[in-house]
Amino acid sequence: MKGFGGKALYLDRSDINTDEIIPAKYLTEISKEALAPHLFEDLRIEGSSPLPRSFRGIGTIVARANFGCGSSREHAPWALEENGIRLVVAESFARIFRQNMFNGGMLAVELPAREIERLFTERPATVTADLESMRIEAGERQIPFELSPFDRALVEAGGWLAFADGRY
Amino acid sequence: MGKTITEKIFAAHLADEPFPGTKVLRVDAVFCHEITTPVAINDLVARGKDRVFDASKIKVVIDHVSPAKDSKTALQGKILRDWARRHEIRDFFDIGRNGVCHALFPEKGFARPGYVVVMGDSHTCTSGAFGAFAAGVGTTDLEVAILKGVCAFREPKTIRVEAKGRLPRGVFAKDLILEIVRRLTTNGATDRVIEFHGEAVKALSMEGRMTLSNMAVEAGATSGIVDPDDFTVDYLWPFAAEEYGSRAAALAEFRRWCSDPDAVYERTLEIDASGLVPLSTFSYRPDQVGPVSDMKEVLVDQVYIGSCTNGRIEDLRVAAAVLKGRRIADRVRGIVCPATPEVFRKAMAEGLLDVFLRAGFCVTNPTCGACLGMSNGVLAEGEVCAATTNRNFNGRMGKGGMVHLVSPATAAATAVEGKLADPRPYLPEEKKGARR
């Protein structure tokens with residue numbers, strides 16, 4: 001199991017959809033690498049400064065509610081992964097996006113609204129997840145989180161295909 | 001304690017429960033299209049596992065960009081085509097026989113009551129109209145379903161929607177689901193199934209029920225679902241006749257799946273369907289919905305009638321009823337996209353295409369194209385489109401474009417006026433006892 005998280009990018013909005021994570025016009029790509037430069041290309045967040053052009057060095061996305069809603073495209077987690085982002089921390093996720101993260105051996109961590117609010121207020125530079133202690137390490141703070149046994153098994157197996165292949 | 005239809009389907013398909021609450025289900029059908037499947041195919045090939053669990057349960061279509069618009073989309077089609085041939089997948093629908101997946105596959109009888117259906121497409125929930133648990137999944141879930149015939153779910157709770165009364169004239173399934181999404185909000189049904197009940201739902205044709213179920217995911221739902229009844233039997237009869245012998249036998253078998261009267265729901269949402277008016281979204285979320293009559297000053301550049309939500313024959317009929325003998329406004333580009341070849345043929349036979357063409361619409365071949373901004377009607381920055389589609393996300397139909405989600409009747413009236421328009425003045429008075 002690789003480490004999860006790193007330098008955090010804060011996306012201060014709910015309902016960030018998969019079109020905003022990776023626009024549909026790039027769904028004609030059949031290699032995951034080709035998605036990398038187009039991550040969040042059309043995402044605009046009112047009241048926030050424009051997103052950086054490069055996500056080099058970013059390891060974590062912090063967002064509000066219903067992150068990843070809309071299309072089922074696994075291109076969204078792939079575009080994150082291709083940019084080195086394997087941890088998304090949010091108040092809640094759309095079901096398919098969340099499942100896609102774990103199916104690819106990545107982490108989608110839900111935290112209570114008050115914890116998310118505090119993260120947006122304090123904006124610690126790094127946010128990482130420790131699967132041994134089941135804590136999010138956000139700067140100086142440690143925030144406990146929960147995973148279902150299945151989610152955990154998927155992360156440990158490196159994804160759903162590896163889990164299912166040995167079993168079914 | 002009674003069971004919901006979803007609970008019955010889960011119990012009947014349970015293959016494994018690796019952890020409490022994680023249900024691995026056997027799937028009855030895996031639907032595939034050329035956008036999300038090729039990566040799964042390539043990955044299976046790379047892993048030396050280029051196999052399918054059961055070729056007869058895999059249904060394949062090229063629909064998102066058809067005909068191919070460039071080398072990349074041509075390659076996606078080729079990967080899918082070669083794979084379907086290699087594995088002797090009989091139900092493969094290439095250009096000429098292809099249509100928007102969630103219209104085409106139900107039309108072919110591939111979605112049945114009690115089925116578990118998965119597809120790498122979020123609007124797979126459309127097939128819930130037939131009393132199936134039909135869920136959109138990502139490419140990895142699709143890949144495992146292709147290889148192993150299983151898919152894992154947390155057993156969803158069910159939200160019961162009770163749509164009381166009949167939809168008034170000029171108000172359709174699309175308006176009802178927009179109201180439901182508005183009430184539930186974009187994540188109000190996450191990890192839930194929305195079960196549609198009530199007089200208004202019972203009165204809907206299968207087409208209308210598909211429109212309803214199609215947008216369940218816009219409230220975050222895993223699937224929409226409707227109890228099967230006589231309409232379900234009638235729709236599926238060409239495919240079920242041999243198997244069941246009589247309609248009564250088919251109905252009895254299908255009704256087995258229906259939710260029990262004492263089934264337990266997480267909550268019930270009551271809607272007075274008889275009080276609804278024509279609705280439209282505004283802004284960029286599908287739960288931002290209001291009466292069309294409040295948005296009458298919104299100028300539109302394009303009107304799009306089509307998609308898995310509203311590209312079926314009934315949709316084209318009602319739009320044509322509005323357009324008959326009229327011309328669309330000069331400022332409007334009208335595009336109508338019959339969702340399947342069958343819809344296209346019927347529309348031609350009934351003279352609907354002639355109505356569209358005389359009104360100034362462009363008629364395209366069946367494809368998903370414009371709905372997700374991939375081809376056949378992409379918007380320019382700053383343009384506005386009234387569309388019978390299902391998503392109005394910022395940039396969905398093209399970067400910087402605005403989409404208003406409306407019914408086919410509202411779309412047609414809007415095309416005539418050049419701005420969002422209430423369709424009711426354009427529709428003929430209802431005949432007594434007419435069904436909608």
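Select Cys368(B): at 8% relative accessibility, this residue counts as buried (under 20% relative accessible area; exposed is over 50%, partly exposed in between, with a 1.4 Å probe and protein chains only). This is a predicted model, where local features need pLDDT of at least 70, side-chain atom pairs count only at pLDDT 80 or more, and totals for chains, interfaces and linings use all residues. Residues are numbered from 1 along each chain as its sequence is written, chains are lettered from A and ligands numbered from 1 in written order, and side-chain values use heavy atoms, without hydrogens or water.

**Stop 1: the cysteines of chain B**

The sulfur of Cys101(B) is the nearest cysteine sulfur to Cys368(B), 5.3 Å away, and Cys368(B) is in no disulfide (a pair of cysteine sulfur atoms within 2.5 Å). Now pick Cys32(B). Its closest cysteine sulfur is also in Cys101(B), but 10 Å away, too far for a bond. Cys32(B) is buried, at 0% relative accessible area. Over all chains, the disulfide count is 0.

**Stop 2: helix H5(B)**

Select residues 139-148 of chain B, helix H5. Helices are DSSP runs of H or I with at least four residues, strands are E runs of at least two, and both are numbered from the N terminus. How many of the 10 residues in H5(B) are buried? The count is 9, so the helix is largely enclosed by the rest of the structure. Among the buried ones are Asp141(B) and Glu143(B), along with Leu142(B), Val144(B) and Ile146(B).

**Stop 3: Arg326(B)**

Go to the loop between helix H12 (313-323) and strand E16 (333-336) of chain B, where Arg326(B) sits. Is Arg326(B) buried or partly exposed? Its relative accessibility is 31%, so it counts as partly exposed. Show what surrounds it. Beyond its neighbours within four places in sequence, Arg326(B) is in contact (heavy atoms within 4.5 Å) with Arg358(B), Ala359(B), Val416(B) and Tyr426(B). For a distance check, pick Leu316(B), 10 residues from Arg326(B) along the chain: their C-alpha atoms are 15 Å apart.

**Stop 4: helix H15(B)**

Follow the contact from Arg326(B) to Val416(B). Val416(B) is one of the buried residues of H15(B). Select the whole helix, residues 408-417 of chain B: it is mostly covered, with 9 of its 10 residues buried. The buried set includes Pro408(B), Thr410(B), Thr414(B) and Ala415(B). What do the buried residues of H15(B) pack against? Colour strand E15 (302-305), helix H11 (307-310), H12, strand E17 (361-363) and strand E18 (384-387) of chain B to see the partners. After H15(B) comes Gly418(B), with a positive phi near 80°.

**Stop 5: chain A**

Count 6 helices and 7 strands. Along the sequence they run β-α-β-α-β-α-β-α-β-β-β-α-α. The radius of gyration is 15 Å, close to the 15 Å from the globule rule for 168 residues, so chain A is as compact as a globular protein of that length. That radius is taken over C-alpha atoms, and the rule is 2.2 Å times the number of residues to the power 0.38. The C-alpha trace spans about 50 × 40 × 25 Å along its principal axes. Buried residues make up 61% of the 168. Of the contacts in chain A with a separation of 6 or more, 66% join residues 24 or more positions apart.
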